[in-house]
Amino acid sequence: QVYLAESGGGLVQAGGSLRLSCIASGFILGIGDMGWYRESPGKERELVGTVTRGGVPTYADSVKGRFAISRDNNRMAIYLQLNSLKPEDTAVYYCNAQSQPPLAPKDYWGQGTQVSVSS
């Protein structure tokens with residue numbers, strides 16, 4: 001079992017910045033890719049970005065150039081730096097971890113952290 005704990009959400013004005021953290025515990029040797037998703041009222045959960053175990057990030061088009069994902073395998077943690085925030089970035093942000101082969105595919109989720117951006 002893998003447990004994910006997010007932190008760092010809050011209320012910020014448009015144009016501001018936040019940094020989210022996600023620390024994994026439990027069977028961390030089984031973790032492969034990790035990432036961030038977000039969910040806002042009335043919308044489906046959407047991908048923000050992912051980072052491989054080797055530290056290679058990918059991003060959704062909506063956040064490219066504004067958000068940055070980093071990973072620290074020594075702490076088994078990932079981070080999401082949110083810059084130039086917009087009101088439409090308001091959402092609950094969830095950390096995700098995926099099991100890696102040869103383990104069976106499985107997704108793990110954190111409890112989420114609220115990010116609110118005021119105009």
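## A buried serine

A residue is called buried when its relative accessible area is under 20%. This is a predicted model, and in it Ser 99 counts as buried because its relative accessibility is 14%. You will find Ser 99 in strand S9, which covers residues 91–99.

What does the side chain of Ser 99 reach? Another is the backbone nitrogen of Lys 106, at 2.9 Å. Setting aside neighbours within four places in sequence, the residues in contact with Ser 99 are Gly 30, Gly 32, Ala 104, Pro 105 and Lys 106.

## The disulfide

Let's move to the cysteines. Searching the whole structure turns up 1 disulfide. The partners are Cys 22 and Cys 95, with sulfur atoms 2.0 Å apart. Cys 22 belongs to strand S3 (residues 18–26) and Cys 95 to strand S9, so the pair ties together parts that are 73 residues apart in sequence. A disulfide is, after all, a covalent bond between the sulfur atoms of two cysteines.

The angle about the S-S bond is -80°, and the link of Cys 22 and Cys 95 is left-handed. Are these cysteines buried or exposed? Cys 22 is buried, at 0% relative accessible area, and Cys 95 is buried with a value of 0%.

## The nonpolar core

The largest nonpolar core holds 28 residues. Among those with the most contacts inside this core are Met 34, Trp 36, Phe 67 and Tyr 93. Several strands supply at least two residues each, including S1 (2–7), S4 (31–39), S5 (46–51) and S11 (113–118). S3 and S9, the strands of the two cysteines, are also on the list of suppliers.

Apart from neighbours within four places in sequence, Met 34 is in contact with both Cys 22 and Cys 95. Other contacts of Met 34 include Leu 4, Ala 24, Val 51, Ile 78 and Ala 97.

## A four-stranded sheet

Strand S3 also takes part in an open sheet of 4 strands, ordered S1-S3-S8-S7 and paired antiparallel. S1 and S7 are the edge strands, each pairing on one side only. On average, neighbouring strands of this sheet are turned by 15° against each other, direction ignored.

How many bridges join S1 to S3? There are 6, and the two strands run antiparallel. As an example to look up, Val 2 has Gly 26 of S3 as its bridge partner.

Key: Residues are numbered from 1 along each chain as its sequence is written. This is a predicted model: local features need pLDDT of at least 70, side-chain atom pairs count only at pLDDT 80 or more; totals for chains, interfaces and linings use all residues. Side-chain values use heavy atoms; hydrogens and water are left out. Buried means under 20% relative accessible area, exposed over 50%, partly exposed in between (1.4 Å probe, protein chains only). A polar contact is a pair of N or O atoms within 3.5 Å; within protein, one must be able to donate a hydrogen and the other to accept it, and residues adjacent in sequence count only if both atoms are side-chain atoms. Contact means heavy atoms within 4.5 Å. A disulfide is a pair of cysteine sulfur atoms within 2.5 Å. A nonpolar core is a set of buried Ala, Val, Leu, Ile, Met, Phe, Trp, Tyr and Cys residues joined through side-chain atoms within 4.5 Å. Two strands pair if DSSP finds at least two bridges between them. Axes are lines fitted to C-alpha atoms, for helices over the stretch in contact, and angles run from 0 to 180 degrees between N-to-C directions.
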